[in-house]
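Let's take a friendly tour of how a protein packs its inside. Have the sequence and the 3D view ready as you read.

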Amino acid sequence: TARELSLAAGLGREARGAVEVEAAIAHSTGSWGTALADELGLSLRAPDLAETLFDGHLCVAEILVSGGESHAALREVGEELHTSSLRSGARRAQAFAATLLGEVALAAGRLEEAEERLGEAVRVSREIGALTSESLASLRLGETARARGEEERAEALLADALSLSRWSPLVRHLQPLTYSALVLPPGDPELGCRWLGQAEAELAEVENACVYCGVTFNLAAAVAAARTGEAEAAAAHVAAAEKDVGLWPEGAWHASLEEARGEVALARGEDEAGRTLLCSAQEDFAGHERQVAVERVAARLAEIA
């Protein structure tokens, strides 16, 4: 009812909020894929609503990619939506599906597939003026470029994603997610620290910041702060993440917590404890098909060996 009233009154923010709650309910009842198919049908009947409808599913999609949902299940949902969107010409749905498929491929370390899917998502989003979609796809494409060792291109894509996020109606999701990537440039902790200072100042002004996206940022911020020796600042970010991460008891969250705690231990000079925590994080990431994370932790362990 809230969704219908909001759409009828032209209240975009309220409509997105209603869709977000509906998406969360669909996820909790195991019917998220069906809900996406329903949005596809509605967007075809009312194309001007497509952006609002699919924006509302962004956060649940990010939770599923980062959390406990199997990549095989997510890939099936993404492929079905992608095929249907191409057949029907629903381009906003195509951008959503391509982004989801690209994110799953990136997490699993299938970088060529991720590049193709996310490149498609950026292109389609730009052609139809889907700001939120372009921002998220640019963010993940930047992370893909980084994983491929293309750091200059990665930084340019991440900077684009940050600029786009500031204009998106989903800024409370996109800014924390984008800064989570920006604060961890490979091999340059001082640059990461500078990004962290900017992130903390800007995110403090974001209204109704998303809890999930806040956890993602706090975990990245903890690693960034620890790597420049700011152990207590890093520990504060870990504590902030710990307050909320219990909302998602399954998936790769605890691996991310172990990684952050390991970095805090290293910053405090507790080298053995730090290595133990990082080894545990690496093993947990591997168990959740997070190959890029596995390689990141492996590189860190080699660095401190």
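The largest nonpolar core has 42 residues, and those touching the most other members are Leu139, Tyr179, Val183, Leu196, Tyr212, Phe217 and Leu219. A nonpolar core is a set of buried Ala, Val, Leu, Ile, Met, Phe, Trp, Tyr and Cys residues joined through side-chain atoms within 4.5 Å. Buried means under 20% relative accessible area (1.4 Å probe, protein chains only). This is a predicted model, where local features need pLDDT of at least 70, side-chain atom pairs count only at pLDDT 80 or more, and totals for chains, interfaces and linings use all residues. Residues are numbered from 1 along each chain as its sequence is written, and side-chain values use heavy atoms, leaving out hydrogens and water.

- The most comes from α13, with 12 residues.
- Another core of 21 residues lies apart from this one, and Ala23, Leu40, Ala46 and Val104 are among its residues.

**Helix α15**
- Because 11 of its 15 residues are buried, α15 is largely enclosed by the rest of the structure.
- The cover over those buried residues includes α5, α13, α14, α16 (271-287) and α17 (291-304).
- After α15 comes glycine 269, with a positive phi near 85°.

**Glutamate 134**
- Glutamate 134 sits in helix α9 (residues 131-147) and counts as buried at 11% relative accessibility.
- Leaving aside neighbours within four places in sequence, glutamate 134 is in contact (heavy atoms within 4.5 Å) with Val122, Ser125, Arg126 and Leu164.

Definitions and conventions. Helices (H or I, at least four residues) and strands (E, at least two) are DSSP runs, numbered from the N terminus. Buried means under 20% relative accessible area, exposed over 50%, partly exposed in between (1.4 Å probe, protein chains only).
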